[in-house]
Amino acid sequence: GMDLTLRGGEIVHREYLQFGKGREMSFVAHLKFMSKLSRGCAEITLSRQSFRIGRGLPFPRLLGFYYGHISFYLTPIISDWAIWGLTFLQLYFFLADQEVGAAS
């Protein structure tokens, strides 16, 4: 997919509805599948092709590439860090205000 896009080609996407037997839906099976996807995403992110495709795509398609690959894993981490940071900042300012009030 990335090589074809780098060479200027276009990929046609078709979706088909397929019915089959059910799969195991335990937590461990889901975790193994998600870890497989994240390892593949990490390999794609570190590749030279990803760098080349990032330099060659127009901005709207680049946002789609980001959203479909590393953003799925990076955005929740950034959100978690931001929430923890804001919580500690609020706690710090609250305690700093209490010390100033106690000193006066």
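Author: The term pLDDT denotes the predictor's confidence in each residue, on a scale from 0 to 100. The chain has an average pLDDT of 81, and 89% of its residues score at least 70. This is a predicted model, in which local features need pLDDT of at least 70 and side-chain atom pairs count only at pLDDT 80 or more, whereas totals for chains, interfaces and linings use all residues. Residues are numbered from 1 along each chain as its sequence is written, and side-chain values use heavy atoms, with hydrogens and water left out.

The chain contains five helices and zero strands, where helices (H or I, at least four residues) and strands (E, at least two) are DSSP runs numbered from the N terminus. The order of elements from the N terminus is accordingly α-α-α-α-α. Mean confidence is lowest in helix H1 (residues 2-6), at 73, and highest in H5, at 86. Where pLDDT is low, the predicted coordinates should not be read in detail.

With a relative accessibility of 8%, Ser-71 counts as buried; buried means under 20% relative accessible area, exposed over 50%, and partly exposed in between (1.4 Å probe, protein chains only). Apart from residues up to four places away in sequence, Ser-71 touches Tyr-66 and Pro-76, a contact being heavy atoms within 4.5 Å.

Further along come the aromatic residues. The structure holds two aromatic pairs. In one of them, the ring centres of Trp-84 and Phe-88 are 5.8 Å apart and the planes lie at 25°, so the pair is stacked. Rings of Phe, Tyr and Trp (its six-membered ring) pair if their centres lie within 6.5 Å; planes under 30 degrees apart count as stacked, over 60 as edge-to-face and the rest as tilted. Trp-84 and Phe-88 are separated by about one helical turn because they are four residues apart in helix H5. Trp-84 counts as exposed, at 55% relative accessibility.

Both residues contribute to a nonpolar surface patch of about 560 Å², made by Trp-84, Phe-88, Leu-91, Phe-94 and Leu-95. Patches consist of residues with over 30% relative accessible area and no salt bridge, with like charges joined within 9 Å and nonpolar side chains (Val, Leu, Ile, Met, Phe, Trp, Tyr) within 5 Å. A salt bridge is a side-chain nitrogen of Lys or Arg within 4 Å of a carboxyl oxygen of Asp or Glu.

The whole chain provides the setting. It exposes about 9,700 Å², of which carbon and sulfur atoms supply 64%; accessible areas come from the Shrake-Rupley method with a 1.4 Å probe, and for residues only the protein chains shown count as cover. Buried residues account for 8% of the 104 residues. Of the contacts between residues at least 6 apart in sequence, 67% join residues at least 24 apart.

Helix H3 (residues 48-56) includes Ser-50, which is buried at a relative accessible area of 13%. Neighbours within four places aside, Ser-50 is in contact with Met-2, Ile-44, Thr-45 and Phe-65.
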